[in-house]
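Q: I am new to this structure. Please take me through a single part of it, closely and in short sentences.

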Amino acid sequence: AESQTRSAAILCHVVCGITMLLSASFQFDHKLRKLYPARHRISGYIYVISGIGCLGALRPLRMSTAENHGKLATSFIEVASLMWLFSTALALRHAKTRDFVRHRRWMIRSVACALSPLGQRIINFAVLVPAAMSIRLCVAGVHGSSF
């Protein structure tokens with residue numbers, strides 16, 4: 001039952017995250033925004049709703065993240081989530097009051113927060129994994145053993 005809940009949460013998180021980032025990519029096109037303001041608004045609501053779904057799917061994964069990746073990774077996720085919620089709420093508020101300059105600024109922050117976990121994963125795979133492998137090879141070479 002726990003593995004099914006975890007699998008469903010991961011699937012929901014990934015689907016909502018992809019939907020969220022795809023809808024965000026349409027938001028920054030000035031021409032589309034001016035020509036189709038209703039589509040921009042709908043895409044914005046899709047961004048917010050899928051972002052909330054993405055965060056909601058993290059809840060069941062919280063315990064395993066703390067156990068497998070430590071408190072630092074869990075803290076990073078919590079802070080990024082709160083920052084996303086805060087910046088998105090302010091962006092939505094400014095859109096409702098038709099203050100589109102502030103709305104745009106807060107949406108840029110919101111999308112940056114949404115992209116931060118992807119940035120973390122890119123750094124992990126592009127920098128940390130090769131560094132760890134290099135260290136292992138050096139240690140194996142010094143001790144004359146294989147890993």
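Does R39 count as buried or exposed?

A: R39 counts as exposed, because its relative accessibility is 59%. The cut-offs are these: buried is under 20% relative accessible area, exposed is over 50%, and partly exposed lies in between (1.4 Å probe, protein chains only). This is a predicted model, in which local features need pLDDT of at least 70 and side-chain atom pairs count only at pLDDT 80 or more, while totals for chains, interfaces and linings use all residues. Residues are numbered from 1 along each chain as its sequence is written, and side-chain values use heavy atoms, with hydrogens and water left out.

R39 sits in helix 3. Helices here are DSSP runs (H or I, at least four residues; strands are E, at least two), numbered from the N terminus. R39 and F26 are 13 residues apart in sequence, and their C-alpha atoms are 9.4 Å apart in space.

Next comes the setting. The chain has five helices and zero strands. Of its 147 residues, 27% count as buried. Contact means heavy atoms within 4.5 Å. Take the contacts between residues at least 6 apart in sequence: 63% of them join residues at least 24 apart.

Now helix 3 itself. It has 22 residues and reaches 32 Å from its first C-alpha to its last, close to the 32 Å expected at 1.5 Å a residue. That expected span is 1.5 Å times one less than the number of residues.

The buried residues of helix 3 include H40, S43, G44, Y47, V48, G51 and L55. On helix 1, the buried residues include A9, C16, M20 and Q27.

Leaving aside neighbours within four places in sequence, H40 is in contact with Q27, R33 and H103.

A pocket is found on a 1 Å grid over the protein atoms alone: it is an open set of points where a 1.4 Å probe fits, with protein on both sides within 12 Å along at least five of seven lines, and lining residues have an atom within 4 Å of a point. The second largest pocket holds about 660 Å³ of space. That volume is the space filled by probe spheres set on the points, which are joined across faces, edges and corners. This pocket is lined by 21 residues, and the closest to its centre are H40, R41, A95, F100 and H103. Helix 2 (30-35), helix 3 (37-58), helix 4 and helix 5 (100-143) each give two or more residues to the lining. Helix 3 gives the largest share, seven residues. The lining divides into ten nonpolar, five polar and six charged residues. Here Ala, Val, Leu, Ile, Met, Phe, Trp, Tyr, Cys and Pro count as nonpolar, Asp, Glu, Lys and Arg as charged, and the others, Gly among them, as polar.

W84 lies in helix 4. It is buried, with a relative accessible area of 3%. Beyond neighbours within four places in sequence, W84 is in contact with residues including M20, Y47, V48, G51, I52 and L55.

T88 is buried, at a relative accessible area of 4%. It touches Y47, V48 and S110, not counting residues up to four places away in sequence. Its side chain makes a polar contact with the side chain of S110 at 2.6 Å. Such a contact is a pair of N or O atoms within 3.5 Å; within protein, one must be able to donate a hydrogen and the other to accept it, and residues adjacent in sequence count only if both atoms are side-chain atoms.

One last stop is the loop between helix 4 and helix 5, where R98 is found. R98 counts as exposed, because its relative accessibility is 62%. Its phi is near 65°, a positive value in a residue other than glycine. Most residues other than glycine have a negative phi.
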